[in-house]
Amino acid sequence: MTGHARDVDVLIVGAGPAGLAAGAELAAAGAGRVEILEREQEAGGVPRHCCHGGFGGRLERAAHAWASATASAYAQGGTSGPVYARRSVAAALDAGAELRTGVTVTGWAGPRTVETTGPAGVERIAARAVVLATGARERPRSARLIPGTRPAGVYTTGELQQAVHLYGQRIGTRAVVVGDEPVGHAAVATLRAAGVHVVALVTDQPPRPVRLRSPHTPLLTAATVTGLTGRTRLSGVALRHDDGRTTTLRCDTVVLTGDFVPDHELARRGGILLDPGTRGPAYDAAFRTSRPGVFAAGNVLHAVERAEFAAQEGRAVAVPVLHRLAGTDEPAGGGRPVVVDAPLRWIAPNVTGPDGARPQGDRFVLRTMRRLSRPLLVVSQDGRELHRQRLLSAAVPGRPFHLAADWTDHVDPHGTAVRIRAQ
Amino acid sequence: MTVTLTGPLPSEQDAEGTYDVTVVGAGVVGTAIARELARHRLRTALVDASDDIGNGTSKANTAILHTGFDAVPGSLEARLVREGRDLLADYAAETGIPVERVGALLVAWDEDQLAALPGLRDKAERNGYHAARIIGADELRSAEPHLGPGALGALEIPDESVICPWTTPLAFATQAVRAGVHLHLNCRVQDIASDAEAHTLTTSRGPLRTRHLVNAAGLYADEIDRLLGHDVFTVTPRRGQLIVFDKLARGLVGHILLPVPGPAGKGVLVAPTVFGNVLLGPTAEELDDKTATGSTADGLDLLREKGHRVVPALLDEEVTAVYAGLRAATGQEDYRIQEYPELRYVAVGGIRSTGLTASMAIGRHVMGLLAATGLDLTEPRPLPPVTMPNLGEAYPRPYRDADLIAGDPAYGTLVCHCEQVTLGEIRDALSSTVPPHSLDGLRRRTRARGGRCQGFYCGAAVRALFEEARP
Ligand SMILES: Cc1cc2nc3c(=O)[nH]c(=O)nc-3n(C[C@H](O)[C@H](O)[C@H](O)COP(=O)(O)OP(=O)(O)OC[C@H]3O[C@@H](n4cnc5c(N)ncnc54)[C@H](O)[C@@H]3O)c2cc1C
Ligand SMILES: Cc1cc2nc3c(=O)[nH]c(=O)nc-3n(C[C@H](O)[C@H](O)[C@H](O)COP(=O)(O)OP(=O)(O)OC[C@H]3O[C@@H](n4cnc5c(N)ncnc54)[C@H](O)[C@@H]3O)c2cc1C
């Protein structure tokens, strides 16, 4: 490639809720030239195609307390994804951030220099600080190793929502939705909107005491998808129930929902350390990655949280970025890794912060691989117990739960990794 | 240029409405034969039951351009693989089909396998391949640092290469069609009636008359052969399931990592692809269903177990695709290529697990056999040169090409982000000589939708472009 080279103060990769919020906050704080790059033709990220409400509504307790400390540019009360996306874009532009869409960051040309491709050509952009806000995606059928034939009619929620809400494409007549997390219910809503009959919602998890919405759709619990059938078009989804029974649900469409994975390609191509649990960049309470001056925010850090949570992270990243620009940031490298033992799946942040800094909302976010009823979480380092905490409710897969962060100042900065286990 | 997809077959052939030659099957073998025929002033038809070329076994293999070092010495296959390799390597350089000479390592994991390496080297010599070399554990480890523990040594085959399996038959078909061959898709041959003058093929799109006939129907070559009254071979499918790992895994594997062959055949390999992924497979399962191209839980488990031994870190990487192909086994360790002069017919059957490599040599070989069936080939003429769009990671891709983008911003507009496929490439594929008729066909021509997200981001956008161009 040959192309132009430019300099900016802050370069933000990805114009979803996290990147736009970071851009708005940094531009408003006078960070200088703040540029947001988005590879889609339109900015806004995933909310662009989530045509249901529930965006930017009331926040959970601690997150809300955190958000009110910084003046939120977002309306209170839930709104639809596209409206939320438009507001987020307007907030970033109003604050003075530059936004370029249809421009993809394709790689690195230096520690804080990226290579881009867009209709106007290829470029190199060097920044004093980079914020990765590249989001997350659902694992497709292949990554889930679902055997069988390879017919048409197999979707993730992301593809389904775009097909229906952005392109008005025909989907099918009878669909099975795999996954009982909130996004699975969003898929049901989209299918209904497209006039598709939803045969069942299927989950390999055991039945839950309290059910989610979608009262019109049968929920099959403790059922694993064992294969797909059909030649050119899907004809069925084969299931095995926990008691050994097998069935095949007849359908021409299947939507595989949830099972999010951070879009970490750019981070990894840059040699930035990943956390083995989240599969996003390893990061600390100041959203610092393993590379000085490269920060990350939003779902790239921990797969899927609510949009407003990603936006909060975007706003929160502004403070450490400003420190970086001012040369008042802590030297990197002091953080200890925070690791979890199975059946816990991951924790975020997963590096302890500079000088015992607390994560956003004063708590860590965790996920579990299987349901744990009121687990006792124990934090230790080199055999020394730092903290124990009993959860008041069950921890279930696919939903976040939290660990208080008041032990972080007891971490030995020269010790080994901090371990979290559930009892 | 004639490519037809629906409706009755054109009868603008000769006075009697007869083609000189018809090739049944537009896989890599059939398209290679059609391309050879295109050199001659003949009325040639290439027909396929599917809506695309290369839609059978040819789309689902391990994409290795073999040296033939391990073929059965003296067999027809050994010769055609050796010749085909050189022909295809040259052709690839000429047309832009991506090839990478990564080399292969036959890794010995125990003393018995280590002891087998010299014999394999000698066999390679007997196959005319002289560059094979035995290397020790240390050299092996520095060549492949991510190899699992316990590897004792390896036989190195420096010339084994990887190639693009989709661009190859597409190049053949494109060149053949541009030189005047008629390509008829969705055209299944159901019956054949032969008389002294010609064969009349009953196809799903009506009758087709042809003086000479080439059967390159892959898994169904035995059935076509039976329609001509023969009962010489039976094709049984041998399924190979494969797992494709994400491009971020590419750094884990430098060579094609082969097991030392045992009684169960070539075994499961780990290999780079020209697209920058890593392949794990194939299985080898004897089946009786020629349509059983599905994957199975057992197959995938087996692959993961084998892969874990060879490159443990591979299993932590994201899986991009899972697929299966069917080899055409005939119970004989060789191709079943046979001419029948009295019938003006050539059967090209049993093109087992090396047909991609051998395709061009098979094409030439069949020309000789057709001449022996009385076909007057006349003086060959040069074919119009073709340049294929590059799908390979080792060669310049449009999204990085500043000059190309300056000339046409569509090459700077990315549609499929995982595979970095641009609007310009999709547009070009949709208006090409042999255009795709399905999203999968478009994927094989551009890689759009073929990456790690499998359409989460771009699926709907790619579908919209496809439907706009081919309503
Ligand atoms: C189906 C679905 C339903 C949801 N429903 C809700 C809901 O009801 N309520 C709610 O609060 N949350 C919901 N969410 C979650 C919410 O959408 C996410 O939390 C939020 O979008 C995350 O924001 P983000 O900025 O981290 O990532 P994203 O929104 O994913 O944005 C990342 C952006 O980065 C861009 N990008 C990536 N790589 C590059 C690159 N190399 N160059 C340039 N640009 C790049 C992408 O194109 C994308 O626009 C839902 C999510 C999904 C998938
Ligand atoms: C798992 C696997 C791995 C392999 N790895 C390699 C490798 O690394 N290197 C290598 O060189 N080779 C490899 N091969 C072998 C190679 O893929 C095959 O030899 C080659 O693709 C065979 O091509 P073909 O044209 O004979 O058959 P096909 O590609 O199957 O083409 C036959 C065509 O005939 C058509 N057809 C069938 N019946 C009819 C009919 N009645 N009327 C009209 N059309 C009909 C079909 O639609 C099909 O398109 C591998 C094969 C497999 C399965």
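A polar contact is a pair of N or O atoms within 3.5 Å; within protein, one must be able to donate a hydrogen and the other to accept it, and residues adjacent in sequence count only if both atoms are side-chain atoms. The model on screen is predicted: local features need pLDDT of at least 70, side-chain atom pairs count only at pLDDT 80 or more, and totals for chains, interfaces and linings use all residues. Residues are numbered from 1 along each chain as its sequence is written, chains are lettered from A and ligands numbered from 1 in the order in which they are written, and side-chain values use heavy atoms, with hydrogens and water left out.

**First stop: ligand 1**

Select ligand 1 and the residues near it (one heavy atom within 4 Å). The shell holds 35 residues, and the closest are Glu38(A), His52(A), Asn299(A), Glu305(A) and Ala307(A).

- Ala133(A): a polar backbone atom is 3.5 Å from an oxygen atom of ligand 1.
- Glu305(A): a polar backbone atom lies 2.5 Å from a ligand 1 oxygen.
- Ala307(A): here the distance from a polar backbone atom to an oxygen of ligand 1 is 2.8 Å.

Alone, ligand 1 exposes 1000 Å², and the protein buries 93% of that; such areas come from the Shrake-Rupley method with a 1.4 Å probe. Now colour helix H1 (17-28), strand S2 (34-38), strand S4 (104-110), helix H4 (157-166) and helix H7 (307-326) of chain A, the elements that give two or more residues to this shell. Helices (H or I, at least four residues) and strands (E, at least two) are DSSP runs, numbered from the N terminus. By class, the shell has 17 nonpolar, 13 polar and 5 charged residues.

**Second stop: the interface of chain A and chain B**

Select the contact between the chains (heavy atoms within 4.5 Å): chain A gives 45 residues and chain B gives 44. About 3900 Å² is buried between them, with carbon and sulfur atoms giving 49%. Highlight Arg137(A), Leu145(A) and Arg150(A), which supply 16% of the area that chain A buries against chain B, more than any other three residues.

Then select Arg400(B) and Glu115(A), whose side chains meet in a salt bridge at 2.8 Å, N to O. The rule (a side-chain nitrogen of Lys or Arg within 4 Å of a carboxyl oxygen of Asp or Glu) finds 5 salt bridges across this interface. There are also 21 residue pairs in polar contact, both at pLDDT 80 or more.

Finish on H4(A), which gives the most to the side of chain A that touches chain B, with 4 residues.

Key:
Ala, Val, Leu, Ile, Met, Phe, Trp, Tyr, Cys and Pro count as nonpolar, Asp, Glu, Lys and Arg as charged, and the others, Gly among them, as polar. Buried area is the accessible area (1.4 Å probe) that two parts lose on being put together, summed over both.
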